[in-house]
Amino acid sequence: MDELKDKILALCPQAVADTSGELLLVTVPDAAWHALAVALKEQLGFDYLTALVGMDWKTSLGCYYYLTNSATQEMLHVRVETADRKQPVLHSVADVWSVANFQEREVYDFYGIAFIGHPDMRRFFLRNDWVGHPLRKDYDTSDELNPLRLTDEQNEDDTQRWVEDEKGRVTVVKDKVFADDEYVINVGPQHPSTHGVMRYRVSLDGEVVKKVDVVSGYIHRGIEKLCENLTYMQTLLYTERMDYMSAMQNRHCLCLCLEKALGIEVPRRAELIRLMMDELMRLSSHLLSYGCLTMDQGATTAFFYGFRDRELIYDIFDKTCGARMSMSYHTIGGVVADVHPDFVADVRHACDVIEKNLAEYHQLFTGNVIARNRMVGVGLLSREQALDYAITGPSGRASGVSCDVRKKHPYSLYSEFEFDEVTRTEGDSMARYMVRMDEMVQSIKILRQACDKLEAEEGNEYCAKVPKVIKLPEGHWYQQVEASRGAFGVYVEADQESKPFQKPYRMHFQSPCFNLVGVVDLTCRDNLVADLITITASIDFVIPDIDR
Amino acid sequence: MFDLTIVTNWVHGLLTGWMPSMPWLVTTIECVLVGLFLLVAYSVIAMIYIMYERWVCAWIQCRLGPNRVGPKGTLQIFADVIKILQKEIIRLWSTDKFLFFLAPFLVVTASVLTFACLPWGKGFQIIDFNIGVFFIVAVSGIGVLGVLLAGWSSNSKYSLLGAMRSGAQMISYELSVGFSVLTIVCLAGTMSITGIVEAQADGWFLFKGHLPALLAFIIYIIAANAENNRGPFDLPEAEHELTAGYHTEYSGIHYGLFYLAEYLNLFVVSGIAALLFLGGWMPLHVPGWEGFNTVMDYIPSTLWFLGKAFFMTFVFMWIRWSFPRVRIDQLLALEWRYLMPIGLVNLVVMAVVVTQGWHF
Amino acid sequence: MEVKIKSMKHEDFKDNEYIDGLVEQLRAGGTNIVVGKLDQLINWGISNSLWPFCFGTSCCAIEFMCLGAARYDMARFGFEVARNSPRQADYIMCQGTITYRMAPVLKRLYEQMAEPKYVIACGGCAVSGGPFKNSYCVVKGIDEIIPVDVYVPGCPPRPEAFFYGLMQLQRKIKVQKYFGGVNRKEKFDEALAQPESM
């Protein structure tokens, strides 16, 4: 850490480095930030912007940038702030890490911080006519300001840019998203293949896609704001309602983060159960994405086969957790209740059945000449692009980015297990699909090992002793896990003010799908409309995870 | 084998006996009777087909399919019909109203006309042209017009895209259908439907015609699927791309008509396949097996025809529920780069086979 | 009079007072026998051929997919013809949270549906806002925007609960008065009917 600190201070003398936290914290004045960002990426290899967290420190507004060196997996975070609360502006790093494009739009939406040099500064989640920025601490929540409007939004084509000239004067330039003579077709928000309420505005030339404008926020529920008014135990609930197909992993992530902050040691058996639940969830999620991908390409029967096997996993959840979805099983310090006596036998059975059926799936769909024609070479995403857009999970690994958090930053008991990180180099839709299919095999492998370990485990401890009232020390923590669709991160900041129950000062969820949706425009350009559906299905995002 | 012309001749004789002085009235009454029969048969077949599809699809997908409404779900279709008949028909303001309302009727007319040409059994057909096959191919083309009009007049981008796709698709694949039909006409030496069926008395064309007939059969299956907007070629209404394609804006019975025509067309193409390749209403005869052939002759010809058509339909459904959908450029490449040249060559080969007398 | 659902007894259902009250209210004036029988026939048709409009916004949609899949198979009831165009659907099953941004879209979709149309609110979010009730941009129950026929609580509801909700909708449809009752002609509003500028 100290070595890194010295290097950064040499690059940027105005920066202040702090090594007291879990990661190196660099505080940089806004004026020097862009130059440092370029240097960090090009000279120190920090090519992966893991998370961008907007912050309101009451006196100032700003951001934390979590950066990772994809070669060494070294992490650090940078703090940039502005004291101007009326018209806050920072410098954009969207030209350094492309993923910052959407991330900065999110910060603009939540905090009103405009980014100089950002190509398309629009709101991302809320309506165009929304008043105020909801995550600011001084936001007025009254309904008079933002009533339920049943009128359609206007001026969707207008966008703006903040431009700085040589003398440092900042001006706002108005822009149009689409030219007047473009044939713009609206896909969504209610559309069978957007997997929820995503909306794309697609400019077409015949059937060829010229540009995709992603309009998100149709299921934005303001989870991050809601969390600020709940106790830590209560916030666990929301993690399952973001990416409901990685409910277990997401909840695990927040539990890990809070346990890290509290210094709680989780019993080994509890950790093992959690890990098994995570892998079951991953299986279930990949089966669903197989089903959706096939259905989007018209192979309805394959969809039904995928769902047939998911029921097995649902049965396991149902028996142990009492619910098929939104299980609320993980908790701080372990799990809520012990597993059902049949648990291990059921898991083994499910593994056997799914393993056998995977061959059938390949027979039905993978080898089909139509499926291959539609997926091979469609929606290419190179390794550089994937890193630039911080694409993780199966989609990232299909482009050759080795980004499995289970291997790179082992959490839980993953370091004890034998499994392979599935990577491919093609980066097309077929590769993304195949990575998922192969990951299911790996998950089954992990589950089988875990079954043996769980049987060998003595005692029946499933939860550590956790204080009734959870009180975090002052500070901030970041934890990531490998959710079904990529690296899911949780940022928690605690202060000491709210009493008697402590509430988080800020909680941010860095969802993998948010990054995935960033590459839709990139991958779909110059493909056909039908490919848009294939590509989005193969990238496989869950909309409530994007919108939160 | 029972010949239905006995019945029709008797009805004709009866009517002329009643009113010998007014032959025009007799003809009118006969036309009305035939028309009524046609429409009733049309709707009954469509209803049977819709249920057939739902059960076959459920069976392929490990499901049960409709089984709650009526015994074993047999009344399900009546519930659907009642529902769709009373559904509101939405009048849209920004559409071309005349064309918008005309389109579903055009589609249905095309399918009724082709339906009318099918030979249901020995002597059991509306009219026996000497250019019957040509007539079928000609009138089935009207359907494209209906689909195009529906998409165009809806004034919706999705409908328009769906209509454009289907226009390109149906017109292209009509060629392949035409070539495979021509191949069989070449083998049979006649365009008359009865002629074609009777030429298969001693063996179906699928077995008689050597390799070219088999090839024509395969091309026909692919092209008919495409012309019908079904199976892996359901692009015009590709649900996951264009919501409901060209009929996105239609509601109530107008949508019902599209739905009806879709299933009827399925029957029509299966029927034509049965007629051209599987011997129409001719029973299965194996040369030399006299006893077997006599038993087969006792099965009514109409059952033979329906059985063959239902079997062909099953094949079409099997294809539909197994394959993913192709993309528009792949669809057109398949037709223009593979099917049409192969069909052309196949026709030439068939001509050689026929002139040399190589067929069985 | 009792409303019959195949292989479900009257006492298997929970809020029978509501349906019984509805029946009593509707039958109070007596019915013409011809019209009454025709009503029954039509209502039988509608209630057994409910085609859903897929409108899934979040997790409830996954459970709805399970409803269509092999184990629960809503095709048994004839509900499987899910339409993606609102014009052809019979009921809108709102599965998931409706936010302020989505609200106008939902309303518009509802208005695009052809009569007779029904609404089922599935899941806590659609019923009342659910766990997101305190949020700044979540609609507290879709009944603020469109009329709801059946509420199915749960987060997300189990497939069995979906079926129960659908059967309750069937019961409701079976008592409705088709002629003269519910489908009164709405007054035609010229101002609203002007075509939009495209």
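Domain 1 and domain 2 of chain A bury about 2800 Å² between them, 55% of it on carbon and sulfur atoms. Buried area is the accessible area (1.4 Å probe) that two parts lose on being put together, summed over both. A:Glu22, A:Tyr48 and A:Gln73 supply 18% of the area that domain 1 of chain A buries against domain 2 of chain A, more than any other three residues. The model is a predicted one: local features need pLDDT of at least 70, side-chain atom pairs count only at pLDDT 80 or more, and totals for chains, interfaces and linings use all residues. Residues are numbered from 1 along each chain as its sequence is written, chains are lettered from A and ligands numbered from 1 in the order in which they are written, and side-chain values use heavy atoms, with hydrogens and water left out.

The division of chain A gives domain 1 (2–140 + 153–168) and domain 2 (223–547); the bounds come from an automatic or database domain assignment. The centres of domain 1 and domain 2 of chain A, taken over C-alpha atoms, are separated by 27 Å. In this contact (heavy atoms within 4.5 Å), 36 residues come from domain 1 of chain A and 30 residues from domain 2 of chain A. Two salt bridges cross the interface of domain 1 and domain 2 of chain A. A salt bridge is a side-chain nitrogen of Lys or Arg within 4 Å of a carboxyl oxygen of Asp or Glu. A:Lys137 forms a salt bridge with A:Glu228, with the closest N and O atoms 3.1 Å apart. Between domain 1 and domain 2 of chain A, twelve residue pairs are in polar contact (both at pLDDT 80 or more). A polar contact is a pair of N or O atoms within 3.5 Å; within protein, one must be able to donate a hydrogen and the other to accept it, and residues adjacent in sequence count only if both atoms are side-chain atoms.

Strand E3 (48–56), strand E4 (61–68), strand E5 (75–82) and helix H3 (100–111) of chain A each supply at least two residues of the side of domain 1 of chain A that touches domain 2 of chain A. Helices (H or I, at least four residues) and strands (E, at least two) are DSSP runs, numbered from the N terminus. With nine residues, E3(A) gives the most to that side of domain 1 of chain A.

Chain C and chain A bury about 3900 Å² between them, 65% of it on carbon and sulfur atoms. The contact joins 42 residues of chain C to 53 residues of chain A. On the chain C side, C:Tyr100, C:Arg101 and C:Tyr136 lose the most area to chain A, together 24% of what that side buries. Four salt bridges cross the interface of chain C and chain A. In one salt bridge, the side chains of C:Arg158 and A:Asp318 meet at 2.9 Å, N to O. Ten residue pairs are in polar contact across the interface of chain C and chain A (both at pLDDT 80 or more). E1, H3 and H4 of chain C each supply at least two residues of the side of chain C that touches chain A. H4(C) gives the most to that side, with six residues.

In chain C, four strands form an open sheet in the order E1-E2-E3-E4, with parallel pairing. Two strands pair if DSSP finds at least two bridges between them. Strand E1 (52–56) and strand E4 (150–152) of chain C stand at the edges, each with a single partner strand, so one side of each is left without a neighbour in the sheet. The twist averages 20° from one strand to the next. Axes are lines fitted to C-alpha atoms, for helices over the stretch in contact, and angles run from 0 to 180 degrees between N-to-C directions. Strand E2 (residues 91–95) and strand E3 (residues 118–122) of chain C pair in the parallel sense over five bridges. C:Gln95 stands opposite C:Cys122 in E3(C). Helix H3 (residues 60–68) of chain C packs on the sheet and touches E1, E2 and E3 of chain C. The direction of H3(C) makes about 130° with that of E2(C). Helix H4 (residues 103–112) of chain C also packs on the sheet, touching E1, E2 and E3 of chain C, and its direction makes about 175° with that of E1(C).

Chain B and chain A bury about 2500 Å² between them, 59% of it on carbon and sulfur atoms. One salt bridge is counted between chain B and chain A. The side chains of B:Arg327 and A:Asp531 meet in a salt bridge (2.9 Å, N to O).
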